[in-house]
Amino acid sequence: MANIKTEDEIVLFEREMKEFWTQLKSIYGTEQMNQTLALRDSCKESIKVLSEKWSRKLKEGDLMINKTREYSNEILQQTQRISENQEHLTEIKSNLNQEEEQVKDLTDSIQELKEELMKKKEIISSKKKAAKERVEQLCKSKTVFEQRLGLEIRRIHNEQLQFIFRHIDHKDPDKPYVFTLSINEQGDYEVTSCTPPLDCIAEFQLKVRETNNFSAFVANIRKAFTALSYKQSA
């Protein structure tokens, strides 16, 4: 019974709906209904166009968001590179400062060496001048030595003086006994050669440096040559 009643209600509802649409059509007319349907279709089309437009806008928005993220990442990477470059630049500046200090120290050292070299040159020049003056004084004493000691003095290369003794060997009076003398860089007397050799020449050289008694130095060498001659003749 309940099912029969439900079916009757449905049939009744459909009948009432048909009557409603029949009355609606009679009230508005077919033309009015067509306009309503056309308006509905127009709204649907507008809604579709707007949906597509906003869909494109949303896609563009997503692209813009992605681009923004890419730009943000790129800016972050550039910032990191700038930071790294800044650290590298700071390190380079530090190294440059150290190199500038080293260059300054080196320049100061070079200047000190130049000044020291100039002083040494002045000292050497002064010593050479003094040595030259002493050689000239020795040359002036040549006559005295020749007369008293039978000595010949010759000026040879490199500002050296050659002392030649004769009349030492009584068997051969013309036999030469020779030693060569120079003034070294320290301004001291230095025997550079001796013929025949004397064992005591180093002792005589040291003594003349201490006493600066050149006459005694020459006399002592002559005595040593004479003693050597007697020894060789015996």
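Two strands pair if DSSP finds at least two bridges between them. I start from that, and I note that the model is a predicted one.

**Entry: the hairpin**

I looked up strands E1 and E2 first. E1 covers residues 151-156 and E2 covers residues 160-165. The two run antiparallel and are joined by six bridges. I picked out Arg155 and found that its bridge partner in E2 is Leu161. Between the strands of this hairpin there are three residues, and in the hairpin Asn158 takes a positive phi near 55°.

I went on to the loop between E2 and E3, where Asp169 lies. Which side chain of opposite charge is nearest to Asp169? I found Lys175, 4.4 Å away. A salt bridge needs the nitrogen within 4 Å of a carboxyl oxygen, and Asp169, though buried, has no salt bridge. I did find that the side chain of Asp169 reaches the backbone nitrogen of Lys171 at 3.0 Å.

**Entry: aromatic pairs**

I then turned to the rings and noted eight aromatic pairs in the structure. One of them is Tyr177 with Phe225, a tilted pair with 5.3 Å between the centres and 55° between the planes. Why does this pair tie together parts that are 48 residues apart in sequence? Tyr177 lies in strand E3 (residues 177-183) and Phe225 lies in helix H4 (residues 214-233), so the pair links the strand to the helix across that separation. I checked accessibility for both: Tyr177 is buried at 0%, and Phe225 is buried with a relative accessible area of 0%.

I looked next at Phe214 and Phe217. Their ring centres are 5.7 Å apart and their planes are at 45°, so I wrote this pair down as tilted. Both residues lie in H4, three residues apart, which is about one turn of the helix. Residues three or four places apart in an α-helix point the same way, because there are 3.6 residues a turn. I also noted that both Phe214 and Phe217 are buried.

Ring pairs link these four residues into a cluster that also includes Phe163, Phe165, Phe179 and Tyr189.

**Entry: helix H4**

I finished with H4 itself. The helix has 20 residues and reaches 29 Å from its first C-alpha to its last, close to the expected 28 Å. At its start, a side-chain oxygen of Asn213 reaches to within 3.2 Å of the backbone nitrogen of Ala216. I listed the buried residues of H4, among them Val218, Ile221, Arg222, Ala224 and Leu228.

Key: Residues numbered from 1 in each chain as written. Predicted model: local features only at pLDDT ≥ 70, side-chain atom pairs only at ≥ 80, totals over all residues. Heavy atoms only, no water. Phe/Tyr/Trp six-rings, centres within 6.5 Å; stacked < 30°, edge-to-face > 60°. Helix = DSSP H or I, 4+ residues; strand = E, 2+ residues; numbered from the N terminus. Buried < 20%, exposed > 50% of the residue type's maximum accessible area, 1.4 Å probe, protein only. Expected span 1.5 Å × (residues − 1). Polar contact = N/O pair within 3.5 Å; in protein donor to acceptor, adjacent residues only side chain to side chain. Lys, Arg positive; Asp, Glu negative; His and termini not counted.
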